[in-house]
Amino acid sequence: MGGTVVVGLDGSRHSLPAVRWGAEEAAARGLTLHLLHAWNPRPSTVRVAHDAAARKRHGAELLASAEAAAHGWHPEIIVTTEQVPEDAVEALVDRSGQAAMVVLGSRGHEAVDGFLLGSVSLHVLGRAECPVVTVREGQSAPCPRPVVVVGVQDVGPPGEAVLDLAFTVAGAHRGSLRAVRAWEPGVAVGAVSGAGPAPDAGEREVGERKALAEVLSPWRARFPAVEVTEEVARGKAVPALLGACSRAGLLVIGRRVGRSPTRLGPVVLAVLHHGRCPVAVVPRT
């Protein structure tokens with residue numbers, strides 16, 4: 001995937017971890033880092049309304065500070081900046097069409113009722129055309145040879161974009177990859193589903209392991225330097241993914257295309273809220 005690493009800046013302290021994570025990714029993959037600040041020219045309340053000139057000055061200061069920080073971490077990367085008087089969601093979704101990924105900051109685990117993502121993040125996650133990575137405070141520091149965890153739900157073409165990102169990131173950072181596939185007894189999954197009597201648990205697990213190995217085989221060939229661990233977990237996907245990513249550098253999962261923009265599915269929402277590492281949500285083709 002070409003393009004740029006787009007980082008959305010809203011002026012809060014949650015943006016800086018996203019800038020650092022985006023700079024790390026741009027440096028590792030030789031991509032341009034694009035810093036975007038969008039502000040609504042028609043704010044909904046008088047209390048938050050400022051004149052356009054003041055908003056523009058504030059945006060310029062915000063972008064200059066973020067650019068300096070990015071170059072402080074990685075002086076060699078190319079950084080571009082942009083501020084637009086547009087709705088933030090629309091601006092980020094529009095740029096996602098030409099980006100390698102979009103990176104957003106999110107609140108930490110102390111948020112009320114565990115709700116970590118604002119409405120901008122939720123809408124961008126549901127509508128973006130490229131992977132969207134959410135990064136919390138404390139998650140942006142670089143880690144040597146990171147482990148990338150990928151949830152393997154689809155065994156055919158719909159899951160290729162998910163595996164593409166996971167292997168690309170692991171390869172760029174000289175890290176390893178942990179592929180996790182969860183299955184529930186009585187629920188037909190992927191390549192092992194079909195007509196006829198339901199297999200017993202032992203047969204089903206063998207089938208799931210075979211399905212996972214087959215879907216990973218061409219990616220192993222494309223990325224021979226990436227060490228891959230395969231994990232088939234009996235039970236629901238969320239506990240399996242959260243357990244696997246407790247010490248990971250990134251968790252990569254897919255989302256269905258065609259859902260309502262604010263409906264990401266229970267698995268995606270659960271790992272976004274409870275995952276202990278940055279999470280990349282990839283639209284499944």
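Contact here means heavy atoms within 4.5 Å. The model is predicted, so local features need pLDDT of at least 70 and side-chain atom pairs count only at pLDDT 80 or more, while totals for chains, interfaces and linings use all residues. Residues are numbered from 1 along each chain as its sequence is written, and side-chain values use heavy atoms, with hydrogens and water left out.

**Overall content**

The protein chain has eight helices and 10 strands. Helices (H or I, at least four residues) and strands (E, at least two) are DSSP runs, numbered from the N terminus. Of its 285 residues, 47% count as buried. Buried means under 20% relative accessible area, exposed means over 50%, and partly exposed lies in between (1.4 Å probe, protein chains only). Among contacts between residues at least 6 apart in sequence, 77% join residues at least 24 apart.

**Helix α1**

Glu25 is found in helix α1. Its relative accessible area is 1%, so Glu25 is buried. Leaving aside neighbours within four places in sequence, Glu25 is in contact with Val5, Met101, Val169 and His173.

Ala23 also lies in helix α1, and with a relative accessible area of 0% Ala23 is buried.

Pro17 counts as buried because its relative accessibility is 9%.

**Helix α2**

Helix α2 covers residues 52-73, which is 22 residues, and reaches 32 Å from its first C-alpha to its last, close to the 32 Å expected at 1.5 Å a residue. The expected span is 1.5 Å times one less than the number of residues in the helix. The buried residues of α2 are Arg55, Gly59, Leu62, Leu63, Ala66, Ala69 and Ala70. Seen down the axis of α2, these buried residues fall within an arc of 125°, so they line one face of the helix. The arc is that of the directions from the helix axis to the C-beta atoms. The face of α2 turned away from the buried side carries the exposed residues Arg57, Glu61, Ala68 and Gly72. The cover over the buried residues of α2 includes β1 (4-9), α1 (15-29), β2 (32-38) and β3 (79-84).

**Helices α5 and α6**

The axes of α5 (residues 160-172) and α6 (residues 201-222) come within 11 Å and cross at roughly 35°. Axes are lines fitted to C-alpha atoms, for helices over the stretch in contact, and angles run from 0 to 180 degrees between N-to-C directions. The crossing of α5 past α6 is right-handed. A crossing is right-handed if the near helix is turned clockwise from the far one by less than a right angle, and left-handed if anticlockwise. On the α5 side, Glu160, Leu163, Asp164 and Phe167 take part; they meet Val215, Leu216, Trp219, Arg220 and Arg222 of α6. The residues of this contact divide into five nonpolar, no polar and four charged. Ala, Val, Leu, Ile, Met, Phe, Trp, Tyr, Cys and Pro count as nonpolar, Asp, Glu, Lys and Arg as charged, and the others, Gly among them, as polar.

Arg174 is found in the loop between α5 and β7 (176-183). Its phi is near 55°, a positive value in a residue other than glycine. At 64% relative accessibility, Arg174 counts as exposed.

Val226 sits in the loop between α6 and β8 (227-234). Val226 counts as buried, at 8% relative accessibility. Neighbours within four places in sequence aside, Val226 is in contact with Phe167, Ala170, Gly171, Gly175, Ser176 and Leu177.

**Helix α8 and strand β10**

In helix α8 (residues 266-274), Val268, Ala270, Val271, Leu272 and His273 are buried. The buried residues of α8 pack against α4 (119-127), β5 (132-136), α7 (237-244), β9 (250-255) and β10 (279-283).

Val281 is found in strand β10 and counts as buried at 1% relative accessibility. Apart from neighbours within four places in sequence, Val281 is in contact with Leu125, Cys130, Pro131, Val132, Ile253, Arg255, Val268 and Leu272.

**C-alpha pairs apart in sequence**

| Pair | Separation in sequence | C-alpha to C-alpha distance |
|---|---|---|
| Pro17 and Val135 | 118 residues | 6.5 Å |
| Ala23 and His74 | 51 residues | 6.8 Å |
| Val226 and Gly171 | 55 residues | 5.8 Å |
| Val281 and Gly254 | 27 residues | 5.5 Å |
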